[in-house]
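This report describes selected local features of the structure shown below.

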Amino acid sequence: MTEAEFNLRLAKLNAIGAALSAETQVERLIESILVAATDLVRADAGTLYLVKDKALHFKILLNTSLGLAQGGTSGVPIKLPPVPLQLADGRPNLANVVACAVNQNCTINIADAYADAQYDFSGTRRFDQHSGYHSKSFLAVPMRDHEGRVIGVLQLINAISEQHQIEAFTSQDQQLVESLASQAAIALTNRRLVLSLQELFESFIKLINLAIDDKSPYTGGHCQRVPELTMMLAEAVSAYGEGELAEFRLNEHDRYELKIAGLLHDCGKITTPVHVVDKATKLQTIFDRIALLDTRFEVLLRDLEISYLRGDLSPAQFSAEQATLLSEREFLRTINHGGEAMAEADLARLDQIAARSWTPHGQAAQPFLSTDELENLAIRKGTLTAAERDIINRHIEVTIQMLESLPWPAHLQNVPEYAGGHHERMDGRGYPKGLKREQMSVQARIMGIADVFEALTARDRPYKDGMKLSTALQILTRMALEQHVDAELLKIFLLSRVWQDYAAKFLTAAQCDEVNVEALLAQLARD
């Protein structure tokens, strides 16, 4: 090799090092390392092994002459067993070339495997006999990380001359590959470190969600399902390519950023009191206070029976008053469950019952319902009072405060905005910031639809059953027309049938009824 050619290869090596440092996907990185090595010294074939559990595991295998590619990004698995670094008796394996390179932490350069008596090439000979290949020159280079530990081996086979003949790997070839192996090992170690930190970070996020789940089973599932639905819709929007969102595209960093935002979108609920989150009925606190009202009715019924037995009431009066008390008790039990809006007649009847007088033992007469009990039972829709709803709504403010306090790296800078915007509305009437559609990112608007749809169809809420698909999508359509959620995103949600894929994974068969997508799209088009 001339000095000019060596310098050219050295420049190429520097370029390869820069390219390896920029690669973020481990499988592609491993493949790039081997491809670069074979190209750098004109090797016809090569393999890359990584050390794990006292063995060398095949990660990628390439052979130009045979057109063979296994492992890496090829999609073809390597079925060869790992190469043990130790023998059965515990001694280091020095018979295998790559194992010896690891155990002795040195490069092994063999000019002709068939003429070599030091190493066991029986497996190579069998491969050659089966494939018609001729494995001759070998170069096995250990890959050392920044602490000098061997993390793998780069093995190249058959250096090819300009005359297309197999020749030995030169000392300059060895020098170049050793330099490449060093750079590759550091790049691979760095990537593994980044991935391990990401895994630690995601595990910590899941720990937060587990804590929320442990507080309340009604929110834990939500914290897992919303991120998944968010990513499903985001991918559909990215692939849609039409209309005003035609330019929206997700790259690898965008996906990860949105995934993290989805996982953290309700982290503020860790501060929300359990008795509010889990409030299944209007009178529930630590326990359902409907039992206290039942006791009061029992006292009134007892007093009524005593009055009848004393002769203070006629049979007709007794029966009528008893029926009234039983009816009122059943009425309170019914409205305690919440649900849709209470009728004005029901509210009037509630006020009438609240004014009924009863006398606890040893106390003066008092109204049948306390002020707090009346306030809760008079909730027009659902089970939460205005004060309790404020407590629930505050979770998003806490979420934003928590997320904005973290020192996010550049590729995760938008997590607080994505996670903190899923309760905003397109018309600016949402919370906590009252943002309008044009002030919000597409990702935040996507998460808003995912959050609503999951809540409508969820089966684990204490106050309702999961809606059927047709009902949930009709409500979402109405919300889009009312500028609660993004109409353009909902259109893609409907057309891409993301809702159907989500239902197949998370909903019951009973919820998966027929959906008239065309009718829903027609409603959106009329807006």
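The loop between β1 (43-52) and β2 holds Asp53, and Lys54 is found in that loop as well. The model is a predicted one. Most residues other than glycine have a negative phi, and most peptide bonds are trans. Asp53, although not a glycine, has a positive phi of about 55 degrees. For Lys54, which is likewise a residue other than glycine, phi is positive and near 60 degrees. The table lists the accessibility of these two residues together with that of a residue treated further below.

| Residue | Relative accessible area | State |
|---|---|---|
| Asp53 | 67% | exposed |
| Lys54 | 59% | exposed |
| Thr124 | 18% | buried |

Strand β2 (residues 55-63) pairs with strand β3 (residues 68-71) in the antiparallel sense, over four bridges. Within this pairing, Leu62 has Ala69 of β3 as its bridge partner. The two strands, β2 and β3, form a hairpin with four residues between them. In the turn, Gly67 has a positive phi of about 60 degrees.

Thr124 belongs to helix α4 (residues 122-131). Its relative accessible area of 18% makes Thr124 a buried residue, because buried means under 20%. Leaving aside residues up to four places away in sequence, Thr124 touches Ser135 and Phe138.

Helix α9 (residues 290-309) and helix α10 (residues 315-335) have axes that come within 10 Å and cross at roughly 180 degrees. The two helices, α9 and α10, are therefore roughly antiparallel to each other. Among the residues of α9 that make the contact are Ile290, Leu293, Phe297 and Tyr308. On the side of α10, the contributors include Pro315, Phe318, Leu325 and Arg333. The residues of this contact of α9 with α10 divide into 12 nonpolar, one polar and seven charged.

A cis peptide bond, with omega of about 10 degrees, joins Tyr431 and Pro432. Pro432 is situated in the loop between α14 (415-420) and α15 (442-457).

Which residues of helix α18 (residues 498-506) are buried? They are Val498, Trp499, Tyr502 and Ala503. Seen down the axis of α18, these buried residues fall within an arc of 135 degrees, so they line one face of the helix. An α-helix has 3.6 residues a turn, so residues three or four places apart point the same way. On the other side of α18, Ala504 and Lys505 are exposed.

Definitions and conventions:
Residues are numbered from 1 along each chain as its sequence is written. This is a predicted model: local features need pLDDT of at least 70, side-chain atom pairs count only at pLDDT 80 or more; totals for chains, interfaces and linings use all residues. Side-chain values use heavy atoms; hydrogens and water are left out. Buried means under 20% relative accessible area, exposed over 50%, partly exposed in between (1.4 Å probe, protein chains only). The arc is that of the directions from the helix axis to the C-beta atoms. Axes are lines fitted to C-alpha atoms, for helices over the stretch in contact, and angles run from 0 to 180 degrees between N-to-C directions. Angles under 35 degrees count as roughly parallel, over 145 as roughly antiparallel, 65 to 115 as roughly perpendicular and the rest as oblique. Contact means heavy atoms within 4.5 Å. Ala, Val, Leu, Ile, Met, Phe, Trp, Tyr, Cys and Pro count as nonpolar, Asp, Glu, Lys and Arg as charged, and the others, Gly among them, as polar. Two strands pair if DSSP finds at least two bridges between them.
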